[in-house]
Amino acid sequence: MEQEKKVLLDAANIVKTYGKGEGKVEALKDVSLKIYDGELLTILGSSGSGKSTLLNILGGMDRPDSGSVMVDGKDMCSFNDRQLTDYRRRQIGFVFQSFNLIAELTARENVAMTADTAGNPRIVEEVFDMVGLTEKMKSYPTQLSGGQQQRVSIARALAKNPQLLLCDEPTGALDSDTGKQILIELEKLVRKHGRTVVVVTHTQEIGKMSDRVIKVKNGRIVKEIHNEHPVSAESIEW
Amino acid sequence: MRRMILPIFKKYLKLLISIVLVSAMGCGIMIGLSGAYVSLETSLNEYVSDYRYPDAVVTTDVVNRSRAQRLTTKVDSVSEVTARLCADTVVKSKTGRLLSVRFFTFEEDDRQKFHFWSRKPDDSKDEIYLEVNFAEDNDIAVGDTVSFKFDDTFRTCYVAAIVSMPETLSMQPTEDSWGENPDFGFAYVPRRFLEKMSDEKLQKEQQRLDDEQAELLKNWEDAKSRYAAAAAAVEQAQSEADACEEAYYNDYSEESEQAKSLLEEKQTALAAEKEKLVAASKEAADRQDELNDEYNTLEHTDGYDVLCNQFQLYFKEGTDPDKALAQAENVLGAIVKSSYTAENSAVRNRININLEPIETMSYYMPAIFFTVILIVVFLFMSLIVKQSRRDIGILRALGFSKASIRLLFCSVNLVVSLAAVVLGSVVGVGLMYFVGSYYQAFFPLPDFTYGISGEMVVLSVVLTLVVGQISTLISTSSIARIHPSEAMSRPAPMTAEIPQLVQKLTAHASPMMKFSITSMLRNKMRFVFSVVCVAASVMMIFSSLAFITSKNYILHQMYEERIHYDCQIFFKNEPDDAFIEQLNTLGYVKDATKLPYFQSEISFGKQKEKAVINGLAADSKLVGVYGEKSRQLTIPQDGMILEKHLAQTLGVSAGDTVSVDGVDIQVTDISDQCISRFQYISPATAEKLGDVTFGSVICNISEKDEKKLLEFLSESSDYLYIVFTRMSLMGNEKIFRTYDLAAWIIIVFAIIIGLVIVINTAQTNLLEKKKELCILRTLGFQHRDISRNWFIQSFLQFICSCVIGLPTGIYVAQVGLQMLSTEGREYVFANSLPEYLFTILLVFGYIVVSHLIAMQSMKRWDMVESVKDKE
């Protein structure tokens with residue numbers, strides 16, 4: 001399967017260290033990882049394992065100390081700030097644990113603002129339709145529930161029409177029922193719309209719905225599981 | 001608790017440093033300017049007392065030692081009297097320029113009263129001392145020689161010293177003079193030198209009188225012999241007539257009839273001759289009396305053509321100067337021309353004129369600024385506490401009491417305030433020495449006693465500490481009341497509170513634009529804080545600039561609107577038309593016009609005021625008379641244009657009739673003059689007033705021809721002095737130098753404080769929106785997109801700040817200028833486009849600079865950390 005699928009992102013020998021001297025923390029130690037087109041990948045790990053650091057490096061929000069991240073044949077580590085921003089703008093969609101919506105803008109405006117910056121945006125109404133939130137487009141974030149806010153967050157990420165959706169603990173701030181709804185949406189994006197989704201989480205159950213699960217511990221990938229038969233998000237309980 | 005202080009310092013280092021800097025600036029300007037003022041006031045008073053400025057002065061034509069002696073013996077409270085002669089004359093400088101000089105004599109003992117700036121005494125020469133400013137302005141140094149006009153002849157004098165006396169603080173020929181004039185100065189000559197010259201003059205006068213008397217005596221002898229001859233002829237004629245008459249009655253004939261007629265004619269002629277001789281003898285007797293008077297005058301005065309000879313009176317301690325002066329005037333009797341006590345003197349008046357604006361500038365503006373600074377400090381401190389909300393929540397959760405949290409932040413503030421006070425005191429002392437040295441050089445003062453105003457130091461220290469503590473207590477109280485768990489969580493966004501109007505206005509804007517505008521209004525307190533801080537900067541800069549604008553307006557009103565001539569010449573009497581004609585035919589003098597000059601008493605109802613009146617033709621282009629709002633006025637043929645302040649004092653409005661020295665004149669218009677206030681009447685009306693106080697002529701002349709004119713005028717015995725407009729402007733600019741200094745110091749401080757405030761406001765605003773901006777960055781917004789968005793916010797806040805700051809600045813400036821205005825000088829608020837533009841552009845420049853700094857700091861942000869769900 002790996003040979004058949006197109007590699008979207010190829011990270012090799014990533015090392016990332018924070019702090020100096022005695023306070024030095026090695027967040028990632030020689031991590032290598034490939035992300036394939038159309039897959040649902042879960043990065044599992046406990047708090048402080050380095051999973052979020054890995055996600056941030058993959059998303060161009062942070063730079064590794066060494067190693068490479070190849071995107072379209074170019075090493076992202078050599079990108080300048082402008083190129084990195086461009087990468088985030090065109091190829092990456094972020095979904096945050098705390099939604100990070102702009103409170104002053106309606107749901108539609110939050111999405112539209114991101115779409116305006118993208119090179120090949122989707123129609124805003126379409127993405128709202130995809131996340132099933134058309135009726136709440138004119139609402140402000142404070143007028144939405146947590147699940148609805150996260151769906152707006154997904155819609156915002158999708159509006160840019162990105163190749164890759166990076167989700168950092170997308171269910172972390174939600175109750176399990178609402179979280180499940182979000183996972184269903186993400187699953188739909190992969191299975192129905194052919195998107196590539198990377199979910200970073202510490203909830204093992206979420207791994208069951210993924211095509212691939214990577215376990216991170218103490219800054220290293222300790223295990224990689226290929227799920228030949230992923231379960232549906234609907235059946236996950238935690 | 002002590003361990004918690006350091007992290008707070010580390011976290012808010014920049015903001016705390018800003019508080020220290022801004023507070024220190026406020027303290028510094030308060031301490032510095034007030035200290036310099038106190039030092040100046042003390043030094044001026046010491047100068048006046050150390051150099052023994054007299055307690056009272058009586059000016060009179062006759063000043064002699066015997067009268068001085070009489071004053072000492074007859075007025076108990078007088079301890080010492082100095083009699084000194086004074087006159088106005090001209091001195092030719094080494095460049096050949098004729099300078100007007102008022103010279104005073106001094107006794108040998110008086111030397112100690114002078115402050116010698118430089119000296120090279122040489123008693124063997126005819127020496128003269130020159131006042132330091134006058135000498136410096138005209139490049140005259142010790143050892144130079146100048147030509148000193150005395151009795152219509154120039155004498156070469158040796159400049160033996162450059163000196164100053166308290167009276168030289170008042171360098172004006174008359175009270176109505178327009179500023180200091182470098183062409184006019186004070187000189188001092190030893191009395192023996194003047195007496196020598198006076199003796200020479202006396203001898204000449206004695207000789208003239210002797211010659212006249214000899215001539216008179218000779219004529220008298222001739223007249224007497226002619227009278228005797230005439231008397232004998234009359235007697236002879238009478239006897240002949242008698243004989244003739246007798247013959248006529250005895251032997252009448254036609255011949256005897258004719259002889260009788262002839263005799264009668266002869267008799268009549270002789271009688272007429274006798275009458276003439278009697279009249280001539282009476283005239284001779286009268287002249288003899290006059291001569292005797294003149295001889296007496298020569299004997300009983302010091303014999304100089306006096307202008308304002310003076311008795312300088314020194315009173316015993318505890319004397320009421322007004323009463324003692326009145327007694328002295330009684331003793332001197334009718335010869336007294338004028339008098340004044342030290343308190344009412346021109347010197348004191350000049351000191352007050354200089355001190356009043358400096359006092360206002362030294363207390364009022366720093367106080368306003370300090371108040372603004374304290375508000376800003378209050379806001380900054382509140383911000384620090386608000387930003388520590390989460391930390392406070394943690395501390396509360398850990399069991400710290402509200403009081404201990406208050407104590408923590410109050411301790412932080414106390415350290416900051418103390419640092420500000422210490423730094424401010426250092427800045428203040430430095431500023432005091434800087435400004436003080438400038439004051440000393442300006443007046444100039446031989447000694448300058450530096451001393452800080454204790455009240456202002458205490459006030460600034462107490463205010464800094466108290467306001468800091470109060471702001472900390474208020475902010476911590478509100479935060480400490482929140483439940484720890486709530487304090488630790490992120491406060492809910494305030495979207496719903498965006499005003500309807502703003503929502504409507506931004507409904508069709510792009511999401512980015514809407515975000516720019518609405519996110520600015522999200523935290524209303526922050527928005528108000530930002531606007532107030534930037535508005536404070538606008539206000540401070542604008543109001544401090546208004547002082548310079550007002551001064552420029554005064555000079556503009558005087559030298560651009562009013563005076564359109566190059567010089568004004570003063571004479572003892574009004575020059576005749578032939579003289580004006582002569583001036584106009586000199587070739588280099590143009591438009592010479594008489595400007596009759598009256599110092600009159602104007603009364604309206606029960607009110608009376610002394611005022612200066614100028615006679616001016618309605619079609620004269622040399623003087624512009626303007627009313628309020630720069631409306632040009634025409635001088636009426638029969639009426640008078642009254643100056644605004646005088647009109648207010650008298651309660652006169654246009655249309656009223658006032659009495660000028662007993663002559664009724666209708667007021668047709670009210671003019672607006674900030675300084676050197678004059679009333680204007682037509683030449684025809686001037687004739688009704690009678691004799692002028694001074695003759696005055698205005699004319700145009702180029703600078704290169706000034707010397708020629710001065711040479712020409714020096715030939716005239718009526719000539720008093722001349723005021724060249726360009727020199728008068730220089731003089732007025734010199735007067736404004738201390739004012740300028742204080743104003744520019746305030747401006748510089750306002751500019752620096754404004755910059756610190758604006759940069760900090762931008763930084764704190766940026767920090768508050770750090771998360772949103774980082775989200776935008778992670779979503780793929782370029783740095784320049786965010787920069788543009790951020791600039792829109794800053795610009796909108798700047799507009800709001802200008803809308804608040806400019807009117808506040810206008811108000812503060814108006815109040816300040818009103819406080820600055822004195823009886824003789826009104827500082828008005830003048831709208832000046834450059835001032836508005838400068839303020840707006842400067843603060844806009846600050847916005848741009850602070851924006852660039854903020855954007856640079858944004859580049860260093862850790863996006864990953866910022867988007868996490870924590871503060």
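Is the crossing of helix 15 of chain B and helix 24 of chain B left-handed or right-handed? I took this as the opening entry on the model, which is a predicted one.

**Entry 1. Helix 15 against helix 24, chain B**

I looked up the handedness and found the crossing of helix 15 of chain B and helix 24 of chain B to be right-handed. Helix 15 spans residues 524–562 and helix 24 spans residues 833–859; I noted a packing angle of about 145° and axes 9 Å apart. I then listed the residues that make the contact. Helix 15 of chain B contributes B:Val534, B:Ser537, B:Val538, B:Ile541, B:Phe542, B:Leu545, B:Ala546 and B:Thr549. From helix 24 of chain B come B:Glu835, B:Phe838, B:Thr839, B:Leu842, B:Val843 and B:Tyr846. By class, I recorded 10 nonpolar residues, 3 polar and 1 charged in this contact.

**Entry 2. The open sheet of chain B**

I next examined a sheet in chain B. Its 4 strands form an open sheet with antiparallel pairing, in the order 13-20-12-21. Strand 13 (590–594) and strand 21 (719–724) of chain B are the edge strands, each pairing on one side only. I noted an average twist of 20° from one strand to the next.

Within strand 20 of chain B, B:Ile698 is the residue opposite B:Thr593. Helix 16 (residues 577–584) of chain B packs on the sheet and touches strand 13 and strand 20 of chain B. The direction of helix 16 makes about 165° with that of strand 13 of chain B.

I also looked up helix 20 (residues 725–735) of chain B, which lies across strand 12 (567–571) and strand 21 of chain B. Helix 20 runs at about 70° to strand 21 of chain B.

**Entry 3. Strand 9 of chain A and its partners**

I turned to chain A and asked which strands pair with strand 9 (residues 212–217). Strand 3 (residues 40–45) of chain A runs parallel to strand 9 of chain A, and 5 bridges join them. In that strand 9, A:Arg212 stands opposite A:Leu41. Strand 10 (residues 220–226) of chain A pairs with strand 9 of chain A in the antiparallel sense over 6 bridges. I noted A:Lys215 opposite A:Lys223 of strand 10 of chain A. Strands 9 and 10 of chain A form a hairpin with 2 residues between them. In the turn, A:Asn218 has a positive phi of about 45°.

**Entry 4. Chain B facing chain A**

I checked the contact between the chains: 26 residues of chain B are in contact with 26 residues of chain A. On the side of chain B that touches chain A, helix 14 (511–522), helix 22 (770–778) and helix 25 (863–867) each supply at least two residues. Helix 14 of chain B gives the largest share, 7 residues. I recorded the composition of this side of chain B as 13 nonpolar, 8 polar and 5 charged residues.

I read the bounds from the domain assignment of chain B: domain 1 (1–52 + 348–489), domain 2 (57–198), domain 3 (207–300), domain 4 (523–563 + 727–871) and domain 5 (567–701). Over C-alpha atoms, the centres of domain 3 and domain 5 of chain B are 55 Å apart.

Last, I inspected helix 9 (residues 389–397) of chain B, where B:Arg389, B:Asp391, B:Ile392, B:Gly393, B:Leu395 and B:Arg396 are buried. Helix 9 of chain B is followed by B:Gly399, with a positive phi near 110°.

Methods:
Residues are numbered from 1 along each chain as its sequence is written. Chains are lettered from A and ligands numbered from 1 in the order in which they are written. This is a predicted model: local features need pLDDT of at least 70, side-chain atom pairs count only at pLDDT 80 or more; totals for chains, interfaces and linings use all residues. A residue is buried if 20 or more other C-beta atoms lie within 10 Å of its own, exposed if 12 or fewer, and partly exposed in between; C-beta atoms are placed from the backbone. Axes are lines fitted to C-alpha atoms, for helices over the stretch in contact, and angles run from 0 to 180 degrees between N-to-C directions. A crossing is left-handed if the near helix is turned anticlockwise from the far one by less than a right angle, and right-handed if clockwise. Two residues are in contact if their C-beta atoms, placed from the backbone, lie within 7 Å. Ala, Val, Leu, Ile, Met, Phe, Trp, Tyr, Cys and Pro count as nonpolar, Asp, Glu, Lys and Arg as charged, and the others, Gly among them, as polar. Two strands pair if DSSP finds at least two bridges between them. Domain bounds come from an automatic or database domain assignment.
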